[in-house]
Amino acid sequence: MGSLQLKSIRKAFGGHEVLKGIDLEVKDGEFVIFVGPSGCGKSTLLRTIAGLEDASSGSVRIDGDEVGHVAPAKRGIAMVFQSYALYPHLTVKDNMGLGLKQAGVPRAEIDDKVAKAAGMLSLEPYLARRPAELSGGQRQRVAIGRAIVREPKLFLFDEPLSNLDAALRVNTRLEIARLHRSLKATMIYVTHDQVEAMTLADKIVVLSAGRIEQVGSPMELYNRPANLFVAGFIGSPQMNFIEGERFGDASAKTVGIRPEHIGLSRERGDWTGKVVHVEHLGADTIVYLETEKVGPLTVRLFGEHRYEPDEIVYATPVIGATHRFDAEGRAIASAEQGRILPDA
Amino acid sequence: MSKARSSLARTGAVHVALIAYTLVALFPVFLTIANSFKSRNAIFREPLAVPTPETFSLIGYETVLKQGDFIGYFQNSVVVTVVSIALVLLFGAMAAFALSEYRFRGNTLMGLYLALGIMIPIRLGTVAILQGMVATNLVNTLTALILVYTAQGLPLAVFILSEFMRTVSDDLKNAGRIDGLSEYAIFFQLVLPLIRPAMATVAVFTMIPIWNDLWFPLILAPAESTKTITLGSQIFIGQFVTNWNAVLSALSLAIFPVLVLYVIFSRQLIRGITAGAVK
């Protein structure tokens with residue numbers, strides 16, 4: 001109960017086309033994340049699903065029913081906003097119950113559902129308060145509670161964690177993951193944070209300039225990016241891109257290799273390079289090199305390593321961990337791909 | 001330490017300036033009220049003196065309350081002002097909501113058209129307005145005044161309120177839509193409470209010219225039963241003799257309703273600012 005089909009959705013504001021034909025299938029119970037840089041159309045797509053924006057053309061089906069002309073409240077969706085969007089004049093309890101009250105649900109049933117949702121989110125002590133008397137994390141939990149109470153077919157999240165500080169973000173992320181497991185509901189989630197995307201999603205949809213670049217599970221996107229954009233967008237630090245000829249592979253225009261798939265040695269290796277900068281993160285050490293053969297290179301080493309700027313080192317790519325792209329930026333399928341060897 | 005002293009000096013200077021301004025602004029009010037309690041001779045002999053037991057006199061107030069239906073004038077003024085403000089706020093806020101919330105063809109042009117009234121004084125159209133009122137049999141009714149004052153107040157109201165409407169979070173309105181609130185409910189329950197400070201500002205700006213207006217009551221509703229207080233006070237100002245006691249008493253009485261309305265709106269203003277915000 002809660003599938004979604006999008007068919008060639010287009011949306012233009014004035015003469016500017018923001019969505020350029022989006023086709024997508026979301027199965028019941030899936031956690032799908034739209035991710036992409038600012039202005040790629042991911043929020044507009046979410047609003048189109050919610051009915052807050054009308055698509056210029058194309059069809060939106062929820063559970064097989066065409067909802068193009070159905071009001072947002074009748075689509076069986078609930079949405080959580082980045083700015084929480086709680087009603088400032090209502091208490092937490094009334095905030096959570098308003099949707100049901102509007103739908104004409106009896107008082108007792110509303111109280112019951114609000115109490116249940118408040119229990120799931122440990123919001124019971126705050127039910128009588130107004131939003132102004134809550135902290136940011138509590139407000140976002142109320143906003144999530146307001147969505148749960150409606151028992152929607154689809155949960156829509158619009159960058160829900162962006163206004164929270166780092167520690168709360170991790171906690172709320174875990175909470176959302178736990179909710180998804182316990183409610184088994186279909187969730188669609190928009191973010192520009194790839195960590196949220198990788199940790200929460202069953203399926204990631206990478207968008208760029210109004211088009212879907214790739215759809216797949218987090219590990220599919222990491223191991224088999226379909227094109228240069230996805231390869232560069234997923235993974236942090238960003239994948240190294242090397243011209244095919246300089247890499248010694250004339251069959252590919254560009255060869256990509258992730259920073260974690262390069263080994264570093266002081267004695268010997270394929271590429272000689274000078275250390276430009278070192279970042280010590282504790283668990284990782286990130287080394288920026290300037291190499292003679294393949295240009296600038298980012299290397300991610302696990303654990304602590306002592307390297308100094310201006311030191312001469314040797315870098316060696318892990319065999320089988322490279323990604324090859326043609327002149328249009330599309331990935332070239334090869335037998336090696338997806339079979340990544342452990343770090344040497 | 002020098003920093004603290006200089007900021008003290010600056011605060012002092014600001015306070016001196018504000019106190020000076022307050023004195024200048026309050027002086028005519030003080031003069032009006034003080035002289036309204038004095039006998040006619042005392043007003044002319046020492047206009048700046050406060051009433052003493054010898055000069056104290058209520059003759060002005062007695063004249064005002066005896067001559068003409070002063071309570072009636074008062075009621076007329078209050079009815080016209082309150083109803084006009086209510087209509088200006090309601091229609092102004094609705095127009096502002098439509099202009100700031102919905103994308104439609106001609107949105108900007110419509111906004112400019114509605115703001116045009118700020119630049120063109122409504123009195124230029126007096127003759128046409130009078131003809132219209134005669135044709136619709138509205139001369140000598142309070143309705144005529146209310147219609148004119150509503151039209152007069154709308155441009156500024158639309159202009160100020162639409163700027164404020166744009167600052168109300170889109171997410172909040174969208175949350176309302178998803179929860180099944182109608183556009184009217186979103187307007188009245190979510191948006192209006194958040195722009196209450198702006199509404200209070202508009203109410204004050206609209207109220208004062210309406211209360212003080214002499215022009216339209218004189219032209220559109222000069223009948224005894226529809227006279228406003230400003231027009232009613234004019235009977236004491238003659239071409240050759242002016243009954244200053246009565247004029248000053250009438251003006252003193254006319255100050256109080258405005259004061260009361262102002263206090264109500266300014267309290268709303270403060271409450272609006274301190275109410276819980278979105279984030």
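These legends accompany several close-up views of a predicted model. Local features are reported at pLDDT of at least 70, side-chain atom pairs count only at pLDDT 80 or more, and totals for chains, interfaces and linings use all residues. Residues are numbered from 1 along each chain as its sequence is written, while chains are lettered from A and ligands numbered from 1 in the order in which they are written.

**View 1. An open, mixed sheet in chain A.** Welcome to the sheet: 6 strands line up in the order S6-S7-S8-S3-S9-S10. Strands here are DSSP runs of E with at least two residues, helices are runs of H or I with at least four, and both are numbered from the N terminus. Two strands pair if DSSP finds at least two bridges between them. Strand S6 (77-80) and strand S10 (211-216) stand at the edges with a single partner strand each, so one side of each lacks a neighbour in the sheet. On average, neighbouring strands are turned by 20° against each other, direction ignored. Strands of a sheet pair through backbone hydrogen bonds, either parallel or antiparallel.

View 2. A residue counts as buried if 20 or more other C-beta atoms, placed from the backbone, lie within 10 Å of its own, as exposed if 12 or fewer do, and as partly exposed in between. Thr186(A), Ile188(A) and Val190(A) cover one side, with Met187(A), Tyr189(A) and Thr191(A) on the other, and all are buried. S7(A) (residues 154-158) runs parallel to S8(A) and is joined to it by 5 bridges; Leu156(A) stands opposite Ile188(A). S3(A) also runs parallel to S8(A), again through 5 bridges, and Val32(A) has Ile188(A) as its bridge partner.

**View 3. Strands S3 and S9 of chain A, side by side in the parallel sense.** S3 (residues 31-35) and S9 (residues 203-208) pair over 4 bridges. Along this pairing, Ile33(A) stands opposite Ile204(A).

**View 4. Helices H2 and H4 of chain A crossing.** The axes of H2 (residues 92-102) and H4 (residues 136-149) come within 8 Å and cross at roughly 30°. Each axis is a line fitted to C-alpha atoms over the stretch in contact, and angles run from 0 to 180 degrees between N-to-C directions. The two helices are therefore roughly parallel, a term for angles under 35 degrees. From H2(A), the contact uses Val92(A), Asn95(A), Met96(A), Gly97(A), Gly99(A) and Leu100(A), and from H4(A) it uses Val142(A), Gly145(A), Arg146(A) and Val149(A). Residues are in contact if their C-beta atoms, placed from the backbone, lie within 7 Å.

**View 5. Ala143(A), a buried residue of helix H4.** Ala143(A) is buried, with 25 other C-beta atoms within 10 Å. Leaving aside residues up to four places away in sequence, Ala143(A) touches Val80(A), Phe81(A), Tyr84(A), Ala85(A) and Leu86(A). Lys11(A) is 132 residues apart from Ala143(A) along the chain, and their C-alpha atoms are separated by 28 Å.

**View 6. Where chain B touches chain A.** This contact takes 17 residues from chain B and 22 residues from chain A. On the chain B side, helix H8 (170-178) and helix H9 (183-194) each supply at least two residues, and H8(B) gives the most, with 6 residues.

How values were computed. Contact = placed C-beta atoms within 7 Å. Parallel < 35°, antiparallel > 145°, perpendicular 65-115°, else oblique.
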